[in-house]
Amino acid sequence: MTTAFHDPLKQEIWNTLLALNDCWTTADGNPEDLKNYFHKNMVAITPTGQKRLEGRDACVAGWVGFAKASTIHRWEELEPRIDVFGNAAVVTYYFDMSFTMGGQRIDLGGRDMFFFIKESGRWWAVADQFSPNPG
């Protein structure tokens with residue numbers, strides 16, 4: 001999705017989020033590269049896990065597992081909102097995707113919320129929670 005923010009800081013954060021998602025949603029992406037976007041202390045709450053994922057390695061492994069088990073046909077970020085609080089930012093958006101897993105094609109819409117911090121001159125994802133749209 002092409003979204004332009006008038007605020008250069010918000011655009012920088014959005015570009016980071018888009019690059020992060022490209023790692024695991026595009027055919028030429030490499031989900032292992034998420035280690036370049038996930039903070040070492042990242043946590044994630046996913047719709048399929050009972051417990052949160054803790055740490056960069058666990059989070060990367062979760063995304064890599066999904067990417068290896070599926071073929072993503074379409075991914076789109078919709079209606080992003082970015083709120084910046086000094087060296088921290090909350091990024092929320094809706095997503096629309098289509099993928100094949102276990103021989104079944106699945107069309108799924110949902111919502112995602114990332115928390116970023118700026119550390120060592122760059123934005124790092126430190127928390128993520130996502131889920132499919134309700135009902």
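The expected span of a helix is 1.5 Å times one less than its number of residues. Keep that rule at hand for the second stop of this tour. The model on screen is predicted.

**Stop 1: the whole chain.** The protein has two helices and six strands. Read from the N terminus, the elements come in the order α-β-β-α-β-β-β-β. The radius of gyration is 14 Å, close to the 14 Å that the globule rule gives for 135 residues, so the protein is as compact as a globular protein of that length. Turn the model about: along its principal axes the C-alpha trace spans about 45 × 30 × 30 Å. Of the 135 residues, 39% count as buried.

**Stop 2: helix α1.** Select residues 8-25, which form helix α1. How far does α1 reach from its first C-alpha to its last? The answer is 25 Å for 18 residues, close to the 26 Å expected at 1.5 Å a residue. Go to the start of the helix and show aspartate 7. One of its side-chain oxygens comes to within 2.8 Å of the backbone nitrogen of leucine 9. Next, colour the buried residues of α1, among them Ile13, Trp14, Leu17, Leu18 and Trp24. Which elements do the buried residues of α1 pack against? They pack against β1 (38-45), α2 (56-69), β3 (70-85), β4 (88-101), β5 (104-119) and β6 (122-132).

**Stop 3: the sheet.** Strands of a sheet pair through backbone hydrogen bonds, either parallel or antiparallel. Here six strands form an open sheet with mixed pairing, in the order β2-β1-β6-β5-β4-β3. β2 (53-54) and β3 stand at the edges with a single partner strand each, so one side of each is left without a neighbour in the sheet.

Follow some of the pairings:

- β4 and β5 run antiparallel and are joined by 14 bridges.
- β1 and β6 pair in the parallel sense, over four bridges. Isoleucine 45 has glutamine 129 of β6 as its bridge partner.
- β1 and β2 run antiparallel, with two bridges between them. Alanine 44 is partnered by leucine 53 in β2.

**Stop 4: serine 98.** Select serine 98, which is in strand β4. Is serine 98 buried or exposed? Its relative accessibility is 0%, and a residue under 20% is called buried, so serine 98 counts as buried. Show the side chain of arginine 105 as well: a polar contact of 3.1 Å joins it to the side chain of serine 98. Leaving aside residues up to four places away in sequence, serine 98 touches Thr71, Ile72, His73, Arg74, Arg105, Ile106 and Asp107.

Stop 5: Select glutamate 79, in strand β3. Its phi is near 50°, a positive value in a residue other than glycine. Glutamate 79 counts as exposed, at 59% relative accessibility. Then move to serine 120, in the loop between β5 and β6. Phi of serine 120 is near 55°, again positive in a residue other than glycine. Serine 120 is exposed too, with a relative accessible area of 74%.

Conventions
Residues are numbered from 1 along each chain as its sequence is written. This is a predicted model: local features need pLDDT of at least 70, side-chain atom pairs count only at pLDDT 80 or more; totals for chains, interfaces and linings use all residues. Side-chain values use heavy atoms; hydrogens and water are left out. Buried means under 20% relative accessible area, exposed over 50%, partly exposed in between (1.4 Å probe, protein chains only). Contact means heavy atoms within 4.5 Å. A polar contact is a pair of N or O atoms within 3.5 Å; within protein, one must be able to donate a hydrogen and the other to accept it, and residues adjacent in sequence count only if both atoms are side-chain atoms. The radius of gyration is taken over C-alpha atoms; the globule rule is 2.2 Å times the number of residues to the power 0.38. Two strands pair if DSSP finds at least two bridges between them.
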